[in-house]
Amino acid sequence: MALETPSWLDPFFTERILRLAEDDNTLKVIDIFVKPATAKGDNYTSDMMRVVVEFTRTVGDKKVNDKKPLIFKFEPIAEGRRRDLIEKTQIFDTEIAMMSDALKKMTNLIGTRLGAQVYHIRMERPLCLIMEDLAPLGFRMADRQIGLDLPHCRLVMQGLARFHAASVALCEKEPKHKAIYRRGIFNDDEPSDLIVFFKNGCITLANEVQSWSELGKKYADKIRGLADKLHPMCVKLLKRRDDEFNVINHGDCWVNNMMFRYDENSKPIEHVFVDFQLCVYNSPVLDLIYFITTSMFSIEDDIDMERLLLEYVELLTHHMAQLNCKTAPPTLDEIKQCKKNREFLGLIYAMTALPIMLVDKSEAKDIDEMIPKDGEAANHTYKNSLYKQVMIKRLPKYDEMGLLDI
């Protein structure tokens, strides 16, 4: 179903928010042009529109024409299970808190762009974030089905080091943020639809693996045995430990939630995050495990992971020192141990999130379509040949680590 433009999204509304955002009462909107900002498979938890605003403004004694591209990011607009689920999880409220307060302060502290600038927040339902469009600045997404090469991965690690260091500095100044970002992706009061979705995804993967000649019944039985343990284990592993080093995690750190800017030789030179709906105050290995699991599949056999983690730790330590943080930064050994203690999360993300992330664009579906009313998981994402190729390599490694026998 095509996304309908809300009746209030008109030249009068955009003129009002631009005047406020730019502190310019001479600004007069001539027209607006609205089109969808994403396609199926790009974004599951919100509706996004790209709005180009044409306007005039007075500069000195002259009236000049100008235009500004904006992104309008809504809670799901259409009624249904998708909207009910997003409202129950409160993830849009998390993003509003992050982008309107914490992210602005973190950006000021670190002195580098961490995300898009917010122009306005509409607090009536459906909630709407209105922010700058990063595309005209040269930023674009990488291809989620190709995965990231080493130059992209190094930029992401650098971005995480900046983001995490700035969050430590912010939480030292304003400890309230530790409580604001407490939920994350799994928690005790998860909506039942989401719990069923992950459980059934596990069972669906087991059924697929049983038909793979490379793995077969042994692996299928082990995966099937994890179905009822999946959610309680994740809640346990994601429970924050205050005796560990903690940061505000991005929480959903994968290819589609970041953008890159490139030089004239198509080399990535700048990285920013988008989509802050799952930010959570916890160990930084949450972001590291999620990113490694979901976005590095194309180079995971060739990468020196310890070297990449060391680069993250060194940059994190550098930025924390620049920000005069009182908290001691973690050592590489501490990060590796924390990662090892939570490695089961990587298996869960690989079993439940990765198939959705790698699905062909022609096969992409909305959340409503992926959580049928009969409770059975849609298995089209698990039949993807790329996903099968990744999991045939990974499942034996997970088994060697003992993760399939928990």
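In helix H7 (residues 217-224), the buried residues include Tyr219, Ala220 and Ile223, where buried denotes under 20% relative accessible area, exposed over 50% and partly exposed anything in between, with a 1.4 Å probe and protein chains only. Viewed down the axis of H7, its buried residues fall within an arc of 100°, so they line one face of the helix; the arc is taken from the directions from the helix axis to the C-beta atoms. Helices (H or I, at least four residues) and strands (E, at least two) are DSSP runs numbered from the N terminus. The model is a predicted one, in which local features need pLDDT of at least 70 and side-chain atom pairs count only at pLDDT 80 or more, while totals for chains, interfaces and linings use all residues. Residues are numbered from 1 along each chain as its sequence is written, and side-chain values use heavy atoms, with hydrogens and water left out.

Turning to the strands, an open sheet of five is arranged in the order E1-E2-E3-E5-E4 with antiparallel pairing, two strands being paired if DSSP finds at least two bridges between them. Strand E1 (28-36) and strand E4 (118-122) form the edges, each pairing on one side only. From one strand to the next, the twist averages 25°. Eight bridges join E1 to strand E2 (residues 47-59) in the antiparallel sense, and Lys28 has Thr56 in E2 as its bridge partner. Helix H3 (residues 91-110) lies across strand E3 (62-74), E4 and strand E5 (128-132), running at about 40° to E5. Axes are lines fitted to C-alpha atoms, for helices over the stretch in contact, and angles run from 0 to 180 degrees between N-to-C directions.

The loop between E3 and helix H2 (81-89) holds Glu75, which is buried, with a relative accessible area of 2%. The Glu75 side chain makes a polar contact with the side chain of Arg125 at 2.3 Å (a pair of N or O atoms within 3.5 Å; within protein, one must be able to donate a hydrogen and the other to accept it, and residues adjacent in sequence count only if both atoms are side-chain atoms). A polar atom of the Glu75 side chain also lies 2.9 Å from the backbone nitrogen of Leu127.

Finally, the largest nonpolar core has 114 residues, of which Met98, Met351 and Leu395 touch the most other members. Such a core is a set of buried Ala, Val, Leu, Ile, Met, Phe, Trp, Tyr and Cys residues joined through side-chain atoms within 4.5 Å. Helix H4 (residues 150-173) gives the most to this core, with 13 residues.

How values were computed:
Contact means heavy atoms within 4.5 Å.
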